[in-house]
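Welcome! Let's take a friendly walk through a protein model together. Have a look at the display below before reading on.

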Amino acid sequence: MSPTVVATAFGGPEVLSVIDADVPEPGPGEVVVDFRAIGVNPIDHKLYSGAFGTDESQLPKRLGSEGAGVVSAVGPDAVGPAGPIAVGDEVIAFRGVGTYASRAVQPASSIIPKPAGLDWEQAGGLLLTAATAYDALEVLGVGQGDTVLIHGAAGGVGLLAVQLARLRGATVIGTGREVNHDYLRSIGAQPTTYGDGLADRVRDLAPGGITAAFDTVGADEAVDVSLELVADRSRIVTTAAFERAQAEGFGSIGGSNPDSAERRDAARQELVGLAGEGKLVNVVAKTFPLADVATAHSELQQPHDIGKFILLP
């Protein structure tokens, strides 16, 4: 048995419960992971909020797609992207299944070795946001000489996008609350606040112009300013404003896009390697015991310290 988080209904964080769930023996191409740290992401809330429908046949719904832990059992042909998986391996799971648990069966295809120098908390919440950021920068073709505007640069995805864009040689301007500006500067971004006059503030910071824009927010302001400042709409991408992207001819990633999934999966080992070398830092804002998952989800929907929330089984 394993303490496991489930949503018993559709709604807010109050529908989350921790139950004791059976952990079956792993089948072909599966492993069991004893989790040490689990990433909390906004998509986890959307899955039980009703945003994607309220089919009650899906209840109770298990949550979580990423985490880090130790392999405690392996099934036949348990081979991950980096090769065969063995009991005792320290690993990161992404794209995992039902990772909000102390122990859970995971597809071997989701298992990446954890570098020894990467702590559990950073590892457990790294890959969903890092892979999303990587996906966006690949679509935008960001490289040396670019000046990139990142909307929501102090968010989970934005922080990784700033670092990855800087590693590619780009100049980065990032929007965020003023309280987060010092940290954004420390990782190489030129920060500015959102709100009235954003386009003019960005022009002042980038007199040579903006060559690409990444919207992690989905607000009309972010889209409008991107369209105003970036001449080539193929160099604008959003993770949230899907309807506007379709209507106005700029890019979107995520959702059910199979190309996004392929790019993100292919990048996992590279991203973990960068984190293990200290070149990519996944900031942890706060940790919560697994039993406090409802509190974590409630606080995630409010302004909070920069970085990821992590559950500790």
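Which residues have the most contacts inside the largest nonpolar core? They are Leu126, Leu127, Ile150, Leu164, Phe214, Leu271 and Leu280, in a core of 45 residues. This is a predicted model, where local features need pLDDT of at least 70 and side-chain atom pairs count only at pLDDT 80 or more, while totals for chains, interfaces and linings use all residues. Residues are numbered from 1 along each chain as its sequence is written, and side-chain values use heavy atoms, with hydrogens and water left out.

A nonpolar core is a set of buried Ala, Val, Leu, Ile, Met, Phe, Trp, Tyr and Cys residues joined through side-chain atoms within 4.5 Å; buried means under 20% relative accessible area (1.4 Å probe, protein chains only). Two or more residues come from each of α3, β11, α4 (156-167), β14 (212-215) and α9 (258-276), with α3 giving the largest share, nine residues. Helices (H or I, at least four residues) and strands (E, at least two) are DSSP runs, numbered from the N terminus. Another core, of 28 residues, lies apart and includes Val15 and Phe309.

Why does aspartate 146 count as buried? Because its relative accessibility is 9%. Its side chain has these partners:

Terms used
Buried < 20%, exposed > 50% of the residue type's maximum accessible area, 1.4 Å probe, protein only.
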